[in-house]
There are 2 protein chains.
Amino acid sequence: MTRAAILRAARDRFAADGYDRATIRAIAADARIDPSMVMRYFGSKENLFATAAEFDLRLPDLSGVPADRLGTALVSYFFTRWEGDSTLPALLRTASTNPSGAERVRAIFATQLGVAVGRVVADPDEAPRRAGLVASQLLGVALTRYVLRLPPMVDISPAELITWLAPTVQRYLRDPDPR
Amino acid sequence: MTRAAILRAARDRFAADGYDRATIRAIAADARIDPSMVMRYFGSKENLFATAAEFDLRLPDLSGVPADRLGTALVSYFFTRWEGDSTLPALLRTASTNPSGAERVRAIFATQLGVAVGRVVADPDEAPRRAGLVASQLLGVALTRYVLRLPPMVDISPAELITWLAPTVQRYLRDPDPR
DNA sequence: TTGAGAAGTCAACAGCCGTTGGCATACCGT
DNA sequence: ACGGTATGCCAACGGCTGTTGACTTCTCAA
């Protein structure tokens, strides 16, 4: 189906180039159709991006995980979900320069990670703060590994990264406020 | 001086809009001169960005800091250096979509953070990996706080952020490899 | 006073962009 | 066989971009 081909090409281009540099003409060329077809199916570039970047973190249910293994569970999940999927870098690239892209990230963060963290945190008042800290570390990894491609972060294996990151996330989720 | 006015306007625009959306015409308008002046002074947009984003992390000498306080020292420094300076978000916004911007970030971290970390790490072989992990956390904070502006990360105070982040950075710098 | 050189203005260029509308073709139920 | 509908291509539009070169104005030393 043409519509699906456009979406696939759009995701790749947005991921590789970000919102501004990813042109409708290039996306159409990748999908081997005319640029006007993109408009017919999606109305506008903004709308195409909204549809292409519509996404679900598909966070697993963490409520069955032992409290002292939450960090490992969440970090492991992060890599099985995103290693090899270019949607997250696409979103980061776009959110960095496009205000509506940034808004989208904030919404995803609040409704998905925020809610999931809220369920495993001891004091509900602290949930947003703890979720923010977790996001800062995990999005930092996504940024340095998938977008900026800092060599040390690219070369290291997911398994080793998990052993380094899990204690950090575990502490952000469960340790008492260090103040 | 005109040259300085252009640079100031360029930094602001690159910071606010990223490389692509920051137009030479807009920068020139901010500096209240003609767009062609920008070309006369800097030759090209690429070159203007290179000059505007020329920057020095100005990392302090960490060799005098007690080994168990390195995390606090580095994280505290991060906020005194970047809170209120829009150059880092400008660089991140640009590096996310512009390949030469990303290359610039890689160079800065290799020659500045990498070297500084190399001096305080126990085993020199592990220095790049530890520097990468530190970068992942600190750039993650810059991304979520200054670029994406996730509410919990914006609302939290630098002082509190330091108490949360310092142990993370301390562990990345000095703790034994968790494998 | 004059003249060289810096500083700044102006209009235009070629190219790429998102978007539009008209026109051809293929498909498919009736 | 037919007509409607989906699918597709083509050419063009107005607008914005980085960049260029010719032109005017200012500054200041000789």
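**Notebook: contacts, domains and DNA surfaces**

I started with the contacts in chain A: of those with a separation of 6 or more, 65% join residues 24 or more positions apart. Two residues are in contact if their C-beta atoms, placed from the backbone, lie within 7 Å. I noted that this is a predicted model, in which local features need pLDDT of at least 70 and side-chain atom pairs count only at pLDDT 80 or more, while totals for chains, interfaces and linings use all residues. Residues are numbered from 1 along each chain as its sequence is written, and chains are lettered from A and ligands numbered from 1 in the order in which they are written.

**Entry 1: chain A overall**

I looked up the secondary structure of chain A and found 10 helices and 0 strands. Helices (H or I, at least four residues) and strands (E, at least two) are DSSP runs, numbered from the N terminus. I put a box along the principal axes around the C-alpha atoms of chain A, and it came to roughly 55 × 35 × 30 Å. Of the 179 residues in chain A, 42% are buried. A residue is buried if 20 or more other C-beta atoms lie within 10 Å of its own, exposed if 12 or fewer, and partly exposed in between; C-beta atoms are placed from the backbone.

**Entry 2: helix α4 of chain A**

Which residues of helix α4 (residues 45–52) of chain A are buried? I found L48(A), F49(A) and A52(A). They sit on the same side of α4(A), because they cover an arc of only 95° around the axis. The arc is that of the directions from the helix axis to the C-beta atoms. I then checked what covers the buried residues of α4(A), and it includes α1 (2–21), α3 (35–42) and α6 (87–97) of chain A.

Between them, 8 residues of domain 1 of chain A are in contact with 9 residues of domain 2 of chain A. On the domain 1 side, α1(A) gives the largest share, 7 residues. I sorted the residues of that side into 4 nonpolar, 1 polar and 3 charged. Ala, Val, Leu, Ile, Met, Phe, Trp, Tyr, Cys and Pro count as nonpolar, Asp, Glu, Lys and Arg as charged, and the others, Gly among them, as polar.

**Entry 3: the DNA strands**

I found 13 residues around DNA strand C, the closest being T23(A), S36(A), S44(A), T2(B) and S36(B). A residue is near a strand if its C-beta atom, placed from the backbone, lies within 6 Å of it. The elements giving two or more residues to this surface are α2 (24–30) and α3 of chain A and α3 of chain B. Which element gives the most to the surface near DNA strand C? I found α3(A), with 3 residues.

I repeated this for DNA strand D, which has 13 residues around it; T2(A), D34(A), S36(A), S36(B) and S44(B) come nearest. For DNA strand D, α3(B) provides the largest share, 3 residues. I counted 5 nonpolar, 5 polar and 3 charged residues in the surface near DNA strand D.

In UniProt, an unreviewed entry lists residues 23–42 of chain A as "DNA-binding region". Its positions are given in the numbering used here, feature names are shortened, and annotations may be inferred rather than shown by experiment. I checked that stretch of chain A: residues 23–42 are 75% helix and 0% strand, with the end C-alpha atoms 14 Å apart.

**Entry 4: chain B against chain A**

I found 41 residues of chain B in contact with 41 residues of chain A. On the chain B side, α8(B) gives the most, with 14 residues. The residues of that side divide into 21 nonpolar, 10 polar and 10 charged.

I picked S136(B), which is found in helix α8 of chain B. S136(B) counts as buried because 29 other C-beta atoms lie within 10 Å. Leaving aside its neighbours within four places in sequence, S136(B) is in contact with G140(A), V141(A), T144(A) and M153(A).

**Entry 5: positive phi**

I looked at R58(A), in the loop between α4 and α5 (70–82) of chain A. Phi of R58(A) is near 50°, a positive value in a residue other than glycine. Is R58(A) buried or exposed? I found R58(A) exposed, with 8 other C-beta atoms within 10 Å.
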